[in-house]
Amino acid sequence: IVLAANDSQNCDIELSSIAEILSNNFFDKAKIVEDSINNAAKFNLVLLNSTMQSQKKENHHPFFYTLSENSTKLVLKTIRRWFEGSENSIPQNRLKCKVPEWLAINAEVAIYLRLIVLGSCQKKVDIDVKSAEWIVNTSFIWAQYLASPKNDHTSIEYVLLFNTLELISSLLYTNSLKTNIWTPILSENSWLQKIHRLSLSLFCEECVPKVGEYFMISKIQSLLAAICFQVPEDILFDRTPFEESCLSLYSNNEEVQKTAYSFVKRLTNRFIIQESLKAELTPKSNTEPLDMTLPEPVVDALTHIKLKYENLSNSEILGYLLSWLVLFDHFENATFSLRSAYKTQLQNLDDPLSSLFGTLFKILEVGKKFGSPFDLLPWEFENFYIEAFNLGESPADFAFPLLAAHLYYLALRHLPSLARNWWAECRNRQLTLSVESPILLQREIDSIQQVDHSTVFENMIVKASRTTYEILAAYTIEDAKLELLIKLPSSFPLQQVRVDSGNSGGTGSGTLAGSWPAGSGGRAGVTEAKWRAWLLATGAVIMNQNATIVDALQLFRKNASLHFE
């Protein structure tokens, strides 16, 4: 009758009345006899959970019927009596009881508590502070019990885990609303920190790919991923679930994959900062070489896929692409020495870029006999936000192509020398020439203009042109001036960068080459052989070592500075 009424459009008054009656009669029904609750009480609670909310939605959340504070207090008082006992009879802690009957009751109680929490947010359910505190504490006890190390959860424990996570998710939602009752309670006793730690432990245990996953586990994984996505950095760094998160990149659950990537990205950012500082602070006289290799879980993730693209599932494709995102995150903000070491390590793998580019171009439909490739011109793909990624019902429409374009952009930016070798044998170059190269050219010019010239380019003046993609650097020493001209090709970074003398060197031909008056001999104090060596070194560091233009200009400044010192 309740389920039939709940499907009706004109049942709000009837269901509200039923919920009120069930709440008022609950105290009499809920009797404990020999550590068991009678069937009438169990059935009463199931009916109550069914009648407290409508099928209608209000701001994407269930619409609740109004319950009086007295009714809510009466039900909660009865439920608490189940678990706490009377003054003369203190039962075992039934909140953590492993008996299947009590686990089932806990699971149903968790549903009711969640409905109370959400109903109070809509001001449909009145609740006092003491009851709210008990609900918060109960959610933590359940989470703590279910997060304890064990071999496998039973089926009923999974049901309780799912309902507990839904309750926790609702409490986190109420906290975001800054409600008068819930927010102060959740802030006390470090509940939020404790829940985040427990949820992170559960994520590492439950979200690593397993054999034989079924529907309930997938729903649990989605809840854990949503709860853990914004876990505070101090808790994440303390736990450091790097290896588990790399494995979870290949989960069958998209939400888990996205949360796992967010973990790896944040952990990688900290790792790169630490490694860069270590490399910079290590004395040059140190005889022991630094370990500047990619973490093993990252390399394992890159080589995880063994099948052809056509035989991969959407989750496997996403896991493969996210693995490459993780790799490129290791190049972001890394020192030149770190980037060079990573590039050398990749060269020793079995032609990784060919596999990546083959996958990317199939996603972008480049080189198909019929039809045209995915049109990237209307899209901005330089940046990628994992939380916005959504396969939805049509993964080929937007999600995968934009992620593929972003990865191709990162490959050209961070591994230009490896990409150049592949591009030399490529037949279809239109994607790079028309879409990617202009973005990368603008990025190089921007990077030159954005750095602090007084510190990065000490004793040197640098100018860059957005129209001709020329960079002119002038190193001054007393009255002499050394000028260097770098000309970026239209297909940068896949064609050779031209490095030559500026105007005062006598061979420059770009529009910037004559922008300054000639000094007294453009290579004053520098022999022809040494000057040519500097030009070759500046060009080689760009072409062969994945250096940026800023890196190359710093090398030129360093050579000039050491020479005159």
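**Salt bridges and their surroundings**

A: In this predicted model, the side chains of Glu 254 and Lys 258 come together in a salt bridge, with an N to O distance of 4.0 Å. Side chains of opposite charge can pair when their charged atoms come close. The two residues are four apart in helix 13, so about one helical turn separates them. Glu 254 has a relative accessibility of 17% and therefore counts as buried, because the limit for buried is under 20%. Lys 258 is buried too, its relative accessible area being 7%.

Lys 258 also takes part in a salt bridge with Glu 255, where the closest N and O atoms are 3.8 Å apart. Both residues belong to helix 13 and lie three residues apart, about one turn of the helix. Glu 255 is partly exposed, since its relative accessible area is 34%.

Helix 13 covers residues 254-281, and Leu 281 has its place in this helix. With a relative accessibility of 67%, Leu 281 counts as exposed, because exposed means over 50%. Together with Ile 273 and Leu 277, Leu 281 forms a nonpolar patch on the surface, and the three residues have about 330 Å² of accessible area together.

The structure holds 14 salt bridges. One of them joins Arg 413 to Glu 332, with the closest N and O atoms 2.5 Å apart. This pair links distant parts of the chain, for Arg 413 is in helix 18, Glu 332 is in the loop between helix 15 (314-329) and helix 16, and the two are 81 residues apart. Arg 413 counts as buried at 16% relative accessibility, whereas Glu 332 is partly exposed, with a relative accessible area of 26%.

Helix 18 (residues 399-414) also has a part in the largest nonpolar core. That core has 161 residues, among which Ile 135 and Leu 553 touch the most other members. Helix 18 supplies the largest share of this core, twelve residues. Leaving aside residues up to four places away in sequence, Leu 553 touches Phe 457, Met 460, Val 462, Ile 471, Ala 473, Leu 484 and Ile 486.

Salt bridges also occur as a network, which links Arg 498, Asp 500, Glu 528 and Arg 532. Helix 22 runs over residues 528-544. Its 17 residues should span 24 Å at 1.5 Å a residue, and its end C-alpha atoms are 24 Å apart, which agrees. The buried residues of helix 22 are Trp 531, Trp 534, Leu 535, Thr 538, Gly 539, Val 541, Ile 542 and Met 543. The elements that cover these buried residues include helix 16 (336-347), helix 19 (416-424), strand 7 (480-487), strand 8 (498-501) and helix 23 (549-564). Just after helix 22, Asn 546 adopts a positive phi of about 60 degrees.

Definitions and conventions
Residues numbered from 1 in each chain as written. Predicted model: local features only at pLDDT ≥ 70, side-chain atom pairs only at ≥ 80, totals over all residues. Heavy atoms only, no water. Core = buried A, V, L, I, M, F, W, Y, C linked by side-chain atoms within 4.5 Å. Buried < 20%, exposed > 50% of the residue type's maximum accessible area, 1.4 Å probe, protein only. Contact = heavy atoms within 4.5 Å. Patch = residues over 30% accessible without salt bridge, like charges linked within 9 Å, V, L, I, M, F, W, Y side chains within 5 Å. Areas by Shrake-Rupley, 256 points an atom, 1.4 Å probe, with all protein chains shown as cover. Expected span 1.5 Å × (residues − 1).
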